[in-house]
Amino acid sequence: MRTTALAVAVAAALAVMPLAAQAPPAPQAPPAAQAPPVVQPPVAQQPAAQPPAASGGRVEIIEQILVKVNGEIITKTELENRQVAALRQRAQQLSDEELKKAIAAITPDILVDAVDELLLLQRGKELGYKVTDEQFKRVLENIRKENKLESDEQFNAALKQEGITIEQLRKNLEKQMVINQVQQVEVAGKVGISESEAQAYYDEHKNEFTTPASLTLRELLVAVKSDGKTVNVAADEAAKAKAEGLLARARAGESFAALVAEASDAPSKASGGLVGPLSAGELDPGVLKLIEGLKPGGVSDVFRTGGGWALLQLDSSIPPAVKSFETAREDIAQKVYDSKRSAEFGRYLTKLRGEAIIEWKNEEMHKLWMARTSASAQPPKNPGL
């Protein structure tokens, strides 16, 4: 499904929906991340791998099988349907050449995701996971509530907008829920985080738990009227003199905010000239140099801008702050867990692939799949969602 409000509600409903299973209850663990939608490539034409149907002495091609995974098939039509869904998600018009490039880019991942999804669903079946009518009903109720679809007519219209039927929705939900449960029990439930791992991550990534320094300024602008081509020298000198007079008053102790209210031509006049808070990276190097060494309340020298003559006051300055390990503990645990879960899930999928009987009927697709699973050093994307 496309990333719409209804699709988001489906994901939210799945996050809290347990499954009926013949297997023992799953151990408690942080929720396994949901996987991204699976996408599809076009495939090369080749003779059908399924038994042909004979009719009056003629042979008709019923369907082209690309691969068998433990006896279950993935067909050309299925992959092409996934391709359409993937390209639709991009929500952009592509030329023929761009379309070819897009298809070539996504094809390897599509093949890996399709096979991995089937392996995970097979494992879920072995473990006895299933979706009951009552569970499906509760998911639908959550989806309708999240999207404020009070009537059957509104709900059916939303499904139509998504381009699916209620039967297709149930099939998609069942697949997603079973895959989520397999990940939870077989992967997430086996990932643990030690105190030493958390501390090591914190020590190596303190920048992730550091709030950068920030400062707040007040600006005062004395504008110089111009036609955009020339500058009136007399008006420019008068504006500079006025700005220098205001600077002298500010440094003599007058309220900078009061001076802004009296004389500034900048849009920030309504807020007393306040600008910020800003990080150092958001400021022009020239401005940083102007306020360098100022303490809160200090005022810069007068300087020329595109609109006239200006001066700045450093209103406040907040130094960088590093969260303590104890304060950041929850964030650290989640980051370490996510990293370990992703690596463990990659190893789990590799194990499933190694134990499976995978028979490719299309050598071109086989080569793409092999290249993707062999060359990638990163854990594969989560299939099925």
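Colleague: How many helices and strands does the protein chain have?

Modeller: The protein chain has twelve helices and eleven strands. Helices (H or I, at least four residues) and strands (E, at least two) are DSSP runs, numbered from the N terminus. Please keep in mind that this is a predicted model, where local features need pLDDT of at least 70, side-chain atom pairs count only at pLDDT 80 or more, and totals for chains, interfaces and linings use all residues. Residues are numbered from 1 along each chain as its sequence is written, and side-chain values use heavy atoms, with hydrogens and water left out.

Colleague: Thanks! What share of the 385 residues is buried?

Modeller: Buried residues come to 38% of the 385 in the protein chain. Buried means under 20% relative accessible area, exposed over 50%, and partly exposed in between (1.4 Å probe, protein chains only).

Colleague: Now a helix, please. Which residues of α9 are buried?

Modeller: The general idea is that an α-helix has 3.6 residues a turn, so residues three or four places apart point the same way. In α9, which covers residues 256-263, the buried ones are F256, L259, V260 and A263. Down the axis of α9, its buried residues fall within an arc of 105 degrees, so they line one face of the helix. That arc is taken from the directions from the helix axis to the C-beta atoms.

Colleague: What covers the buried residues of α9?

Modeller: Their cover includes β6 (214-223), α8 (233-251) and β9 (308-318). α9 lies across β6 and β9, at about 35 degrees to β6. Axes here are lines fitted to C-alpha atoms, for helices over the stretch in contact (heavy atoms within 4.5 Å), and angles run from 0 to 180 degrees between N-to-C directions.

Colleague: And the sheet with β6 and β9: what is its strand order?

Modeller: Strands of a sheet pair through backbone hydrogen bonds, either parallel or antiparallel. Here, an open sheet of four strands runs β7-β6-β9-β8, with antiparallel pairing. β7 (274-279) and β8 (303-304) stand at the edges with a single partner strand each, so one side of each is left without a neighbour in the sheet. Two strands count as paired if DSSP finds at least two bridges between them. Ten bridges join β6 to β9, and S214 has I318 in β9 as its bridge partner.

Colleague: Is β3 enclosed or open, and why?

Modeller: Four of the five residues of β3 (residues 65-69) are buried, so this strand is largely enclosed by the rest of the structure.
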